[in-house]
Amino acid sequence: MSNGKTNRGLLVIIIALLLTNVAVLGYFLWYKKKPSGYPHRGNGIADVLKKDAGFSDEQVAKYKEMRDKQRQTIRPMFDDMRKSKDSLFSQINNEQISDSAISVIADQIARKQRAIDLQTFTYFRSVRKLCTSDQLPKYDSIVLKMLKGMGQSPKGDDKKNEKK
C-alpha cells in the first residue's frame with residue numbers, strides 16, 4: 001500500500017473518531033437526563049431543608065454539625081459491612097464452603113445493616129428535633145421522599161419490574 005493511501009485512511013479514521021467523540025460529548029452535555037430527587041452536591045440536603053422546610057441559618061448550621069458527626073459515625077460502619085460483603089462474595093468460587101459458613105457471614109452482614117439502619121433512624125430523629133412544629137410535616141415529607149429514592153435504581157427500572 002502506498003504512503004498516500006495509508007495517510008488518507010488514517011486521516012479518515014481520525015476524523016471519524018473525532019466526530020464520534022464530539023457526538024458523545026454533546027449527548028452528555030445537552031441531552032443528559034436531569035437527576036431526580038434531592039441534590040447531592042454543594043450543601044445538598046441542607047439547601048432543601050432551608051428552602052422546602054424553612055430551616056433558619058441557625059438550624060442549617062446545627063444540621064451541618066449533626067451531619068458531619070453522622071458521617072464520622074456511619075462511614076466506618078459502611079466500611080465494615082463492605083468488608084463482610086467482600087468476604088461473602090469472595091467465596092463464590094469456593095465449592096468447599098458450607099451453607100452454614102455462608103449463613104454465618106450473611107448473618108454478620110444483616111447485623112451490620114441493622115446497626116446502620118438504626119443509626120440512620122436515630123440521626124434523622126435527632127435532626128427532626130431541630131424543627132419547629134410548622135416545619136415537622138415538611139421535614140417528615142422530605143425525609144420519606146429521600147429515603148424512598150435511595151432504594152430505587154437510577155433509571156427507574158424498579159417501576160418497570162413491578163408492573164410485570
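The legends below walk through several close-up views of this predicted model.

**About the model.** Residues are numbered from 1 along each chain as its sequence is written, and side-chain values use heavy atoms, with hydrogens and water left out. Because the model is predicted, local features need pLDDT of at least 70 and side-chain atom pairs count only at pLDDT 80 or more, while totals for chains, interfaces and linings use all residues.

View 1. Along the sequence the pattern reads α-α-α-α-α-α. Of the 164 residues, 20% count as buried; buried means under 20% relative accessible area, exposed over 50%, and partly exposed in between, with a 1.4 Å probe and protein chains only. The accessible surface comes to about 13,300 Å², and 57% of it belongs to carbon and sulfur atoms; such areas come from the Shrake-Rupley method with a 1.4 Å probe, and for residues only the protein chains shown count as cover.

**View 2. Helix 2 packs against helix 3.** Two packed helices are described by the angle between their axes and the distance between the axes. Helix 2 (residues 45-53) and helix 3 (residues 57-89) meet at an angle of about 155°, with axes 10 Å apart. Axes are lines fitted to C-alpha atoms, for helices over the stretch in contact, and angles run from 0 to 180 degrees between N-to-C directions. That angle makes helix 2 roughly antiparallel to helix 3 (under 35 degrees is roughly parallel, over 145 roughly antiparallel, 65 to 115 roughly perpendicular, and the rest oblique). Helix 2 contributes Ile 45, Ala 46, Leu 49 and Lys 50 to the contact, and helix 3 contributes Asp 57, Val 60, Tyr 63 and Lys 64; contact means heavy atoms within 4.5 Å.

**View 3. Val 60 sits in helix 3.** Is Val 60 buried or exposed? Val 60 is buried, with a relative accessible area of 9%. Leaving aside neighbours within four places in sequence, Val 60 touches Ala 46, Lys 50 and Phe 55. Val 60 and Ile 45 are 15 residues apart in sequence and 9.6 Å apart in space, C-alpha to C-alpha.

**View 4. Helix 3 packs against helix 4.** Helix 3 and helix 4 (residues 99-128) pack at about 170°, with their axes 9 Å apart. The two helices are therefore roughly antiparallel to each other.

**View 5. Ser 84 also has its place in helix 3.** At 6% relative accessibility, Ser 84 counts as buried. Which residues is Ser 84 in contact with, leaving aside its neighbours within four places in sequence? They are Ile 105, Gln 108, Ile 109 and Lys 112.

Methods
Helices (H or I, at least four residues) and strands (E, at least two) are DSSP runs, numbered from the N terminus.
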